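Please look at the structure below before reading on.

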Amino acid sequence: MPELERLAAHHAPAVLRFERENRAYFARYVPDRGDDFFTGYAARHAALLDEQERGTCHFHVLVGDHGAVLGRFNLVDVAGGSAELGYRVAEHAAGRGLAGEGVRRVCELARTEYGLRRLVAAAALANPASLAVLKRAGFVLDGSERGDSVHDGSVRSGSVSGCEVDLDGEPGLRHVLDLRAPYAAASP
């Protein structure tokens, strides 16, 4: 099984390769990062490590054979016991359960290592696989005590206006995970 590692300086070339090789794939679901992201990646990577050192973010890479990055799992905007989860998995690694396993592992780290109590994550309606990963990890629609659910990108049972988000022009849904509750993501 690939290893989830905390982002370090030596990951920079592999992360850049991962982002370049999957640029078109990622752009199907999230806005493209733009050329400047790639041309200035060394400085960007250093800035990420600075943020991580300050404790405002926790960045992780899922590393496979020969040091290849298969996915990124990040906790950003850490404050007040809460953070936002973001993740992406390489196209060639999609459909193998790696997104779910990476999310489960980073949620456990958030609870046990970083002392977080709540995570927030958003996924585009056009990305039902990502919505399913969040659901399997125990995330619920933000404010959905009513028990609203998402299946194949469509919402069931009630209004979700409080959960709707704009993801750079794409409609999405905001989810939350209470890390103090019995941890649903810990089970397979």
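## Largest pocket

About 1500 Å³ of space lies in the largest pocket. On a 1 Å grid over the protein atoms alone, a pocket is an open set of points with protein on both sides within 12 Å along at least five of seven lines, and lining residues have an atom within 4 Å of a point. Grid points are joined across faces, edges and corners; a volume is the space filled by probe spheres set on the points. The lining has 48 residues, and Val30, Gly86, Tyr87, Arg88 and Ser130 are the closest to the pocket centre.

Several elements give two or more residues to this lining, among them helix 2 (23-27), helix 5 (98-112) and helix 6 (128-136). Strand 4 gives the largest share, six residues. Helices (H or I, at least four residues) and strands (E, at least two) are DSSP runs, numbered from the N terminus. By class, the lining holds 28 nonpolar, eight polar and twelve charged residues. Nonpolar here means Ala, Val, Leu, Ile, Met, Phe, Trp, Tyr, Cys and Pro; charged means Asp, Glu, Lys and Arg; the others, Gly among them, are polar.

The model is predicted: local features need pLDDT of at least 70, side-chain atom pairs count only at pLDDT 80 or more, and totals for chains, interfaces and linings use all residues. Residues are numbered from 1 along each chain as its sequence is written, and side-chain values use heavy atoms, with hydrogens and water left out.

## Cavity

A search of the whole structure finds one cavity of 30 Å³ or more. In a cavity, a 1.4 Å probe fits but cannot get out. The largest cavity holds about 50 Å³ of space. Its lining includes Glu19, Arg23, Val30, Asp32 and Arg88. Helix 2 gives the largest share, three residues. The lining has five nonpolar, no polar and five charged residues.

## Helix 6

Gly138 follows helix 6, with a positive phi near 100 degrees.

## Nonpolar core

The largest nonpolar core has 46 residues; Leu85, Val103, Leu119 and Phe139 have the most contacts inside it. Such a core is a set of buried Ala, Val, Leu, Ile, Met, Phe, Trp, Tyr and Cys residues joined through side-chain atoms within 4.5 Å. Helix 5 gives the largest share of this core, six residues.

Conventions. Buried means under 20% relative accessible area, exposed over 50%, partly exposed in between (1.4 Å probe, protein chains only).
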